[in-house]
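Here is a note for a colleague who is opening this entry for the first time. The points below are meant to be read with the model in view.

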Amino acid sequence: MKNYKKIALMTLAGLLFLSACGTTTNKSKTSTSETSKTSQSSETTSSEPQSVEFFADGEYEVGTDIQPGSYYAVLTEFESDKDYAYINFKYGTDFDNQDNYEYEELKKVGKIYKVTLKKGMKLRFNDPYDGVSSWNMTLFTAEDYKEYQKSEQKESKTNSSESSSSSSSSESSTESSTSSESSSSSTASDSSSTEVSASSSGTIYSDSYIEVSKNKGLLSIKNLSGQDILLDGQATFNQTKEINMYSFGYIGDVKTGGTKTENISTVTLMNEGEPGDTEDGETLGGDKTFKHKMKAGETITWSGEIKDKDYNTLSQITFDITY
């Protein structure tokens with residue numbers, strides 16, 4: 001009986017050993033990405049750029065903690081009771097060689113940095129004086145930043161509207177009447193500008209990568225390169241005033257053989273508008289924006305880069321658009 005029990009126990013132990021050997025452990029690798037937030041699934045890692053938040057000192061790898069791509073980096077939170085405190089931000093391939101990395105001191109909430117990350121690069125954040133109680137820097141994709149900016153502008157408009165409503169309740173009827181007349185004049189001016197149509201249409205720029213054509217207020221960018229490309233640049237109005245990058249400037253991806261369409265009948269001017277323009281809020285950095293309806297004879301100049309899918313610059317170009 002004792003021998004039977006011994007054999008049974010040995011058999012049970014053998015089965016348990018074989019079962020353990022046949023089971024594979026699938027534990028995810030612990031990395032510095034635990035101190036960042038991303039929308040990526042732990043089971044399915046996308047190679048497409050995705051917005052990522054960083055909020056802790058450390059070194060992060062492009063391709064592991066954040067995907068390669070072009071981002072708009074914004075310091076969205078910064079708390080410190082010391083005047084000299086800041087977050088040291090570096091990104092590049094070799095932090096021991098100043099020629100191989102970029103450097104910024106992060107302190108101003110809302111300031112925007114354009115960052116292009118390639119596989120093999122690293123990012124490093126550190127608080128050199130240990131004076132920052134909390135901070136958050138988000139690297140936004142173009143689309144995510146556009147939505148974030150809209151939400152911030154909407155909140156700014158709401159606050160401004162509430163302030164204006166409170167202020168207007170104390171105004172005299174004479175001031176109210178004057179404001180009404182001014183509003184009517186502004187409306188008439190806007191109505192007049194919408195009746196002005198764009199000038200002649202046709203191809204306005206062409207090279208081996210793209211062909212740009214205009215049909216009234218619509219601009220079409222056709223990809224001739226035979227590969228996926230990205231257009232990133234900035235635009236100026238009448239060569240004097242900056243146009244908000246998301247109104248017209250950052251054009252984004254254009255697939256192989258595809259065409260991207262941009263509406264330039266209305267653009268958003270930065271800091272200062274034209275007579276009759278309406279204020280449209282402000283950016284995260286505190287710059288005021290103005291909606292401007294294009295009129296015949298006015299010009300837009302676009303300058304920027306054509307990049308391949310790995311964000312290598314293929315060409316730097318400039319073209320003028322006469323409305």
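1. Strands, labelled E, are DSSP runs of at least two residues, numbered from the N terminus. Valine 267 is found in one such run, strand E17, which covers residues 266-270. Please keep in mind throughout that this is a predicted model.

2. Leaving out residues up to four places away in sequence, valine 267 touches Ile243, Ser247, Phe290, Lys291, His292, Met294 and Ile300. The C-alpha atoms of valine 267 and phenylalanine 248 are separated by 6.9 Å, although these two residues are 19 apart along the chain.

3. For the protein as a whole, 3 helices and 21 strands are found. Of its 323 residues, 35% are buried. Among contacts between residues at least 6 apart in sequence, 63% join residues that are at least 24 apart.

4. Which strands make up the open sheet that contains E5, and in what order do they stand? The order is E3-E8-E5-E6, and the pairing of these 4 strands is antiparallel. Strand E3 (58-61) and E6 are the edge strands, each with a single partner, so one side of each is left without a neighbour in the sheet. On average, and with direction ignored, neighbouring strands here are turned by 15° against each other.

5. Within that sheet, strand E5 (residues 87-92) deserves a careful look. E5 is joined to strand E6 (residues 101-106) by 6 bridges, the two running antiparallel, and phenylalanine 89 stands opposite glutamate 104 in E6. The pairing of E5 with strand E8 (residues 122-126) is likewise in the antiparallel sense, over 5 bridges, and here tyrosine 91 stands opposite leucine 123.

6. Are the faces of E5 covered or open? In a regular strand the side chains alternate between the two faces of the sheet. Both faces of E5 are covered, with Ile87, Phe89 and Tyr91 buried on one side and Asn88, Lys90 and Gly92 buried on the other. The strand is accordingly described as mostly covered, 6 of its 6 residues being buried.

7. The largest nonpolar core has 25 residues, of which Ile66, Leu117, Leu123, Phe125, Met137 and Leu139 touch the most other members. At least two residues of this core come from each of strand E2 (52-54), strand E4 (69-79), E5, strand E7 (112-117), E8 and strand E9 (134-140). E4 gives the most, with 4 residues. As background, nonpolar side chains tend to be buried together in soluble globular proteins.

8. Leaving aside neighbours within four places in sequence, methionine 137 is in contact with Val52, Glu53, Phe54, Ala73, Val74, Leu75, Phe89, Leu106, Tyr113 and Phe125.

9. Strand E11 (residues 210-215) and strand E12 (residues 218-223) run antiparallel and are joined by 6 bridges, and lysine 214 has leucine 219 in E12 as its bridge partner.

10. Elements giving two or more residues to the lining are helix H2 (142-168), strand E13 (229-237), strand E15 (250-254), strand E16 (259-263) and strand E20 (299-308). E15 gives the most to this lining, with 4 residues.

Conventions:
Residues numbered from 1 in each chain as written. Predicted model: local features only at pLDDT ≥ 70, side-chain atom pairs only at ≥ 80, totals over all residues. Heavy atoms only, no water. Buried < 20%, exposed > 50% of the residue type's maximum accessible area, 1.4 Å probe, protein only. Pairing = 2+ DSSP bridges. Axes fitted to C-alpha atoms, helices over the stretch in contact; angles between N-to-C directions. Core = buried A, V, L, I, M, F, W, Y, C linked by side-chain atoms within 4.5 Å. Contact = heavy atoms within 4.5 Å.
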